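Please look through the sequence and the model shown below before reading on.

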Amino acid sequence: MVAEGLSKRPLDEISKAIGTMGFNCVRFTWPTFLATNHSLANLTVRQSFERLSALNSTDISLIERHNPALIDLPLIEAYQAVVSNLGDNNVMVILDNHISKPGWCCKKTDGNGFFGDTYFDPNVWLEGLHNMATLFRSHKNVIGMSLRNELRGPRQNVEDWFKYMEMGAEAVHAANKDVLVILSGLSFDIDLGFLSTRQVKVSFSSKLVFEVHWYSFSDGQAWGNGNPNDVCGRISGSVTNKAGFLLDRQFPLFLSEFGIDQRGVNERDNRYFSCALAYAADKDLDWALWTLQGSYYLREGVVELEETYGLLSLNWATVRNPTQLQRVRAIQQPFRGPGFSDVPPYKIIFHPLTGHCVTLDSSRRLTLAIGPCSQRWNFNDDQTLSLTTGSTSSCITAVGLGMPVALAECHRVTSSKWALLSSSHMHVSTKVAGGNATVCLDVGRDGRSLITNPCRCLGGDARCDPEGQWFKLVTSSRLIN
């Protein structure tokens, strides 16, 4: 019930680090009992640590050193202090009811999974939602409340989902008319498909948001056993069928958990993440990355367990993997968000493996490179990828295998028609002069030049890695100076 990391750094430094990394919001978890069990909520931070025999006095002394103002606050006030400090640093907060009984989440049979489970009394849950919505009514940086994380387990069913989620939404709205109300799906929040045939009925409008989770392990062993192009295409379609369809019905969809082992050592994670980043960019999703923390005070009986999915290292002072951070920074700003309608839509050519986009090479005239996502491209009806400057249109042109991609006046070249190959729709391909060889966009060995190479992994081989050739054509109306 205590925000992680307070034994590592002062709270204000952590809040500032969040903003420095480009994030504007924190999905801050809380257990129901923090808001309903007053004897628990009024334990001080010090007392809470002292109650856990697995912990020694080190954490207490370190929290006292780094955050002396928090150590003797009741748990509920310490939670408020974190929210307030995030607000002082211009960071928004979504209050996420993660679990009922404090502990690590989640298992199907942990007693916290669905309404009526051992620790999941719907009436207590409704009381907790009301209490938290009331408590944080004056905190202007609290912009949303997620009703429950990852509903799951043998009791889950659609009828009770509608019954209690509608009640939870009304409880939050009655206490706080301003916050967004965020509803999660079933089966560890990967399935909202039941909303395709039935609507949530509430007394208010323009405040409902739906959330979905997506990890490599959400789909079993698919990312390890299948061809990455085929798997990406199939699973992206599944995500759309189970959740993404809500966007077409004008509901906001929040990808409230996705992430990978930040060390880059998990092949399944790596393949999935490029696909997920491309999907998030294409759909212009709002999202929350799992996770910030580099470690836990205590998780599943292990003291100071390192979180390899964490953006921050074990010491909480450095970014675990700057390359991975760069990848998500590319989608931190909306592509087609509110206020962008005055800009005519265009394409960016996003390379999810690097978090960069196709742009003009500043060091070589009329050649292209991987760099900032600031170049406006057009993907035209005649399948050309063009750049318009003044009255001149220049097209992306393939020269040959392993050769740099160039710009040329569109009417002067024949190898400038591009198609999207493979199930992932991320192989951007053309035929080189002579029409015999099909090539795909690729990144050169220097990590920045744009070249064409034979298209890789178009089907079949599960061991093949196509990520370097994955480019997503994303529609944007973002203002570029």
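## About the model

This is a predicted model, in which local features need pLDDT of at least 70 and side-chain atom pairs count only at pLDDT 80 or more, while totals for chains, interfaces and linings use all residues. Residues are numbered from 1 along each chain as its sequence is written, and side-chain values use heavy atoms, with hydrogens and water left out.

## Strand 19 and its partners

Helices (H or I, at least four residues) and strands (E, at least two) are DSSP runs, numbered from the N terminus, and two strands pair if DSSP finds at least two bridges between them. Strand 18 (residues 427-431) runs antiparallel to strand 19 (residues 438-443) and is joined to it by 3 bridges. Strand 19 also pairs in the antiparallel sense with strand 20 (residues 450-454), over 5 bridges, and here C440 stands opposite N453.

The hairpin of strand 19 and strand 20 has 6 residues between the strands, and in it G447 takes a positive phi near 80 degrees. Strand 19 is mostly covered, since 5 of its 6 residues are buried, where buried means under 20% relative accessible area, exposed means over 50%, and partly exposed lies in between (1.4 Å probe, protein chains only).

## Helix 8 and its surroundings

Helix 8 (residues 158-175) has 18 residues, which at 1.5 Å a residue should span 26 Å, and this agrees with its end C-alpha atoms, which are 26 Å apart; the expected span is 1.5 Å times one less than the number of residues. At the start of helix 8, a side-chain oxygen of N157 reaches to within 3.3 Å of the backbone nitrogen of E159.

The buried residues of helix 8 include W161, F162, M165, A169 and V172. Among the elements that cover the buried residues of this helix are helix 7 (122-135), strand 3 (142-146), strand 4 (180-184) and strand 5 (208-213). H130 is found in helix 7, and it is partly exposed, with a relative accessible area of 38%. Leaving aside its neighbours within four places in sequence, H130 is in contact (heavy atoms within 4.5 Å) with A171 and A175, both of which are listed among the buried residues of helix 8.

## Cysteine links

A search of the whole structure finds 6 disulfides. C105 and C106 form one of them, with their sulfur atoms 1.5 Å apart, and both cysteines are buried. The torsion about the S-S bond of C105 and C106 is about 75 degrees, so this disulfide is right-handed.

C232 and C275 form another disulfide, with their sulfur atoms 2.2 Å apart, and with 90 degrees about the S-S bond this link is right-handed. C232 lies in helix 10 (residues 228-248) and C275 in helix 11 (residues 267-283), so the pair ties together parts that are 43 residues apart in sequence. A further disulfide joins C357 to C373, with an S to S distance of 2.0 Å. C357 lies in strand 11 (residues 356-360) and C373 in the loop between strand 12 (368-371) and strand 13 (378-379), so the pair ties together parts that are 16 residues apart in sequence.

## The nonpolar cores

A nonpolar core is a set of buried Ala, Val, Leu, Ile, Met, Phe, Trp, Tyr and Cys residues joined through side-chain atoms within 4.5 Å. Which residues touch the most other members of the largest nonpolar core? Of its 116 residues, they are W161, L195, F258 and F350. The largest share of this core, 9 residues, comes from helix 11. Not counting residues up to four places away in sequence, F258 touches residues including W214, Y272, F273, W287 and I331. Apart from this core lies another, of 20 residues, among them I396, V428, L441 and F471.

Terms used. A polar contact is a pair of N or O atoms within 3.5 Å; within protein, one must be able to donate a hydrogen and the other to accept it, and residues adjacent in sequence count only if both atoms are side-chain atoms. A disulfide is a pair of cysteine sulfur atoms within 2.5 Å.
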